[in-house]
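This report describes selected local features and the nonpolar cores of one protein model. Please consult the sequence and the structure shown here while reading.

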Amino acid sequence: MSRWRPPSPSSTAIITRAGFERLKAELDHLWHTLRPEVVRALAAAAAEGDRSENAEYTYRKKQLGEIDRRVRYLSKRIPSLKVAEGTPTDREAVFFGATIELENVDSGETSRYRIVGPDETDAKLGWISIDSPLARAVLKKRLDDEVSAELPAGPARFAIVSITYDPA
């Protein structure tokens with residue numbers, strides 16, 4: 001008997017134009033370049049004979065499965081995404097696509113984040129998902145507003161120091 005698990009909450013289907021183009025390019029690369037190479041290598045490994053002890057064959061089968069899984073995901077996800085074009089009319093408030101600078105009220109440390117779609121988050125660049133607790137807390141807030149967010153490390157309070165929007 002299997003354990004029932006509730007479905008995971010769906011992520012917001014919004015993305016920047018650059019993120020959308022990156023996902024389309026990834027799908028194109030996987031389907032037209034990488035997958036044919038792996039299929040050729042798999043066929044060559046299969047031609048070597050006994051597949052039960054053929055590490056190359058096993059590796060290529062797993063690699064092909066990973067590629068097909070990602071292609072399936074992207075093929076379903078890309079058509080459902082809504083590209084956010086332009087900047088909001090009220091540039092003094094925090095909305096999707098904003099780059100914000102926050103100051104931790106308790107420690108005084110400042111951090112810079114950009115609010116993007118869940119498909120294009122990148123911690124190294126400071127790009128956070130619109131679905132993240134911090135992004136949810138700052139949405140529709142204005143300069144010098146104080147916000148509280150329940151982060152994985154515990155609750156934190158921030159003050160909004162700056163709000164900018166990249167040119168579209």
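## Basis of the description

A residue is called buried when its relative accessible area is under 20%, exposed when over 50%, and partly exposed in between (1.4 Å probe, protein chains only). The model is predicted: local features need pLDDT of at least 70, side-chain atom pairs count only at pLDDT 80 or more, and totals for chains, interfaces and linings use all residues. Residues are numbered from 1 along each chain as its sequence is written, and side-chain values use heavy atoms, with hydrogens and water left out.

Thr16 belongs to strand β1, residues 14-16; helices (H or I, at least four residues) and strands (E, at least two) are DSSP runs, numbered from the N terminus. With a relative accessible area of 9%, Thr16 is buried. A polar atom of the Thr16 side chain lies 3.2 Å from the backbone nitrogen of Gly19.

Contact means heavy atoms within 4.5 Å. Apart from neighbours within four places in sequence, Thr16 is in contact with Val83, Phe96, Arg114 and Glu120. Arg114 also places its charged end over the ring of Trp127, 5.1 Å from the ring centre; the criterion is NZ of Lys or CZ of Arg within 6 Å of the centre and within 35 degrees of the ring normal.

## Nonpolar cores

In soluble globular proteins, nonpolar side chains tend to be buried together. A nonpolar core is a set of buried Ala, Val, Leu, Ile, Met, Phe, Trp, Tyr and Cys residues joined through side-chain atoms within 4.5 Å. The largest one has 21 residues, and Val94, Ile100, Leu102, Ile115, Val138 and Ile163 have the most contacts inside it. At least two residues of this core come from each of β3 (98-104), α3, β6 and β7 (154-165), and β7 gives the most, with five.

Not counting residues up to four places away in sequence, Val138 touches Val94, Ile100, Leu102, Ile115, Val147 and Ile160. A second, separate core has 16 residues, including Leu30, Leu42, Ile67 and Val83.

## The loop between α3 and β6

Lys140 lies in the loop between α3 (133-138) and β6 (146-151), and Asp144 is found in the loop between α3 and β6 as well. Lys140 has a positive phi of about 70° although it is not a glycine; Asp144, also not a glycine, has a positive phi of about 70°. Lys140 counts as exposed because its relative accessibility is 64%, and Asp144 counts as exposed at 63%.

Note on methods
A polar contact is a pair of N or O atoms within 3.5 Å; within protein, one must be able to donate a hydrogen and the other to accept it, and residues adjacent in sequence count only if both atoms are side-chain atoms.
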